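Please read the following report with the structure open beside you. It goes from the aromatic rings to the nonpolar cores and then to the sheet.

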Amino acid sequence: MSQVHNDYKNLLKKGREIRLLSSLSLLLEWDQETYMPKGGIDFRSEQIELISSLAHREKTSETFKTALSKLIDLNTGKVLSEELDARKKAALREWRREYLMETKLPNDFVKTLAKTTSQATSYWAEAKKNNTFEIFLPQLEKIVPLIRQKADYLGWKEHPYNALLDLYEPGMTTKQLDTLFSQLKPFLTQLTQKLSLKKRVDTTFLSAHFPEDKQETFNHFILDQMGLDPRYSRLDYSEHPFCLGLHPQDVRLTTHTSAWSFFK
């Protein structure tokens, strides 16, 4: 095996260790949303704070930087060897992208954001349950400044949201979205006006009684039709539905049901 492939193998090992830490954080978050006793939130937020800090330290360590820089130029993004196939080159570009992003965030900030958002989740669930926004408001007042600070740490051009948008849609900008939505607006406006002139559809059947056990059976039927193997996934319940991919062989989905509203 060539030195290049040895270097890649070493980097892959370090990347896997980082991913294991990150997946532990996701597992803690999944448990918080599903089975964790309500009273465990303070301890859970400390756990998530610690794991997030450890993962960030590994992502930004000199050891990882050295291993990565052997295969890709951190400044230009140029892969330094043609021996690697397209998949490995793509992996290198993603590792570099994440490394550059993580090194902009101070570890103390990562810890604070992780703990704050973890604690806030329980307040959000309580606010939703009681339909009382005031319960969640103090937490939101903590989170918004932190997210703005994150955008500043990451750096942005034209609009601070560009820094945050790039985390989930790399390369996308608010300018591009404005163009997209401006093109959609006339069509959607006309469609809404057209529909408003139509006879209102009777939707009372959607508020009939739907036994939750039968909804669960239907959910599993849909997942089966999608080809989601129950050996590598599970469906549970949470206040707000979500899906987490801990690993290709461990996918966690949740749903939220109401016996009196099929789409609630």
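## Aromatic rings, cores and a sheet

Trp-95 has a relative accessibility of 14%, so this residue counts as buried (buried means under 20% relative accessible area, exposed over 50%, and partly exposed in between, with a 1.4 Å probe and protein chains only). The model is a predicted one, in which local features need pLDDT of at least 70 and side-chain atom pairs count only at pLDDT 80 or more, while totals for chains, interfaces and linings use all residues. Residues are numbered from 1 along each chain as its sequence is written, and side-chain values use heavy atoms, with hydrogens and water left out.

Rings of Phe, Tyr and Trp (its six-membered ring) pair if their centres lie within 6.5 Å, and planes under 30 degrees apart count as stacked, over 60 as edge-to-face and the rest as tilted. By this rule there are 4 aromatic pairs, and one of them is the tilted pair of Tyr-8 and Trp-95, with 5.9 Å from centre to centre and 55 degrees between the planes. Because Tyr-8 lies in helix H1 (residues 3-34) and Trp-95 in helix H4 (residues 86-102), this pair ties together parts that are 87 residues apart in sequence; helices (H or I, at least four residues) and strands (E, at least two) are DSSP runs, numbered from the N terminus. Trp-30 and Tyr-35 form an edge-to-face pair, because their ring centres are 5.8 Å apart and their planes stand at 65 degrees. The charged end of Arg-252 sits over the ring of Trp-30, 4.5 Å from its centre (this requires NZ of Lys or CZ of Arg within 6 Å of the ring centre and within 35 degrees of the ring normal).

| Residue | Relative accessibility | Class |
|---|---|---|
| Tyr-8 | 8% | buried |
| Trp-30 | 8% | buried |
| Tyr-35 | 48% | partly exposed |

A nonpolar core is a set of buried Ala, Val, Leu, Ile, Met, Phe, Trp, Tyr and Cys residues joined through side-chain atoms within 4.5 Å. The largest such core has 15 residues, of which Leu-11, Phe-64, Leu-68, Leu-71, Leu-92 and Trp-95 touch the most other members. Two or more residues come from each of H1, helix H3 (62-69) and H4, and H1 gives the largest share, 4 residues. A second, separate core is made of 10 residues, including Leu-113, Leu-154, Ala-163 and Leu-164.

How are the strands arranged? They form an open sheet of 3 strands in the order E1-E3-E2, with mixed pairing, where two strands pair if DSSP finds at least two bridges between them. Strand E1 (233-237) and E2 stand at the edges with a single partner strand each, so one side of each is left without a neighbour in the sheet. From one strand to the next, the twist averages 20 degrees. E1 and E3 run parallel and are joined by 5 bridges, whereas strand E2 (residues 243-247) and strand E3 (residues 250-255) run antiparallel and are joined by 4 bridges. A hairpin of 2 residues leads from E2 to E3, and His-247 stands opposite Asp-250 in E3.

H1 packs on the sheet, touching E1, E2 and E3, and its direction makes about 145 degrees with that of E2. Here contact means heavy atoms within 4.5 Å, and axes are lines fitted to C-alpha atoms, for helices over the stretch in contact, with angles from 0 to 180 degrees between N-to-C directions. Helix H9 (residues 212-226) lies across E1 and E3, running at about 155 degrees to E1.
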